[in-house]
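Subject: Handover of a structure and notes on its salt bridges

Dear colleague,

Please find the structure below, together with its sequence.

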Amino acid sequence: MRSLWKEIGRGAVLTFSVWFLLFVYSTIKAVYDDHEELVSANTELTKMNAQLTDKIKLLIAPSNESKEKAKRQAIRERLGKFLSEASELLQTTCAAPTPACTDARRKLEIRIERYLKINLESQYEERFRSRITNFGVPWEDIRGDMNILESFIKELE
């Protein structure tokens with residue numbers, strides 16, 4: 001009977017050992033498969049996140065090119081307003097040479113020079129200052145101002 005119990009004990013230990021090894025193997029395999037699936041999902045989500053981030057950046061922040069284009073448009077519009085002011089000045093105050101005409105023209109020129117200095121490269125201010133002026137003929141000076149403003153507007157298109 002002892003040998004029977006020994007046989008049963010050996011069989012039980014062997015069966016338990018096999019089942020235990022199968023359990024350990026299955027547990028390790030399940031954990032490893034879950035890990036692989038998680039790594040795969042994480043990689044895919046990271047790629048999708050990067051793509052979405054890039055799309056959001058494009059939608060939210062305009063490109064430098066579009067910012068520059070908008071800035072140039074705003075500058076052209078302001079130069080156009082200066083051009084309108086000069087035209088109005090030519091038709092009203094400077095219809096005849098008077099000290100008021102000279103004073104108004106000089107104030108307009110100062111405002112234009114200040115705007116050019118702040119908003120454009122220094123070459124624009126220098127070109128505006130160095131234009132040919134007809135001293136003593138204010139309406140011709142205003143026409144010169146208008147011509148140079150028109151050329152600046154064309155250059156900034």
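Predicted model: local features only at pLDDT ≥ 70, side-chain atom pairs only at ≥ 80, totals over all residues.

Residues are numbered from 1 along each chain as its sequence is written, and side-chain values use heavy atoms, with hydrogens and water left out.

Salt bridges

Side chains of opposite charge can pair when their charged atoms come close. A salt bridge here is a side-chain nitrogen of Lys or Arg within 4 Å of a carboxyl oxygen of Asp or Glu. By this rule, the count is 9 salt bridges.

One of these joins the side chains of Arg111 and Glu85, with an N to O distance of 2.7 Å. Arg111 lies in helix H3 (residues 99-119) and Glu85 in helix H2 (residues 64-91), so this pair ties together parts that are 26 residues apart in sequence. Helices are DSSP runs (H or I, at least four residues), numbered from the N terminus. Arg111 and Glu85 also belong to a network of salt bridges that includes Arg78.

How exposed are the two partners? Arg111 is partly exposed at 33% relative accessibility, and Glu85 is partly exposed at 28%. For these terms, buried means under 20% relative accessible area, exposed means over 50%, and partly exposed lies in between (1.4 Å probe, protein chains only).

Arg129 is exposed, with a relative accessible area of 52%, whereas Glu125 is buried at 9%.

Arg127 meets Glu155 in a salt bridge of 2.4 Å, N to O. This pair links distant parts of the chain, 28 residues apart: Arg127 is in helix H4 and Glu155 in helix H5 (residues 138-155). Glu155 is partly exposed at 36%, as is Arg127 at 27%.

A further residue in helix H2

Gln73 lies in helix H2 and is partly exposed, with a relative accessible area of 32%. From C-alpha to C-alpha, Gln73 and Ser87 are 21 Å apart in space, and 14 residues separate their positions in sequence.

Yours sincerely

Conventions: Helix = DSSP H or I, 4+ residues; strand = E, 2+ residues; numbered from the N terminus.
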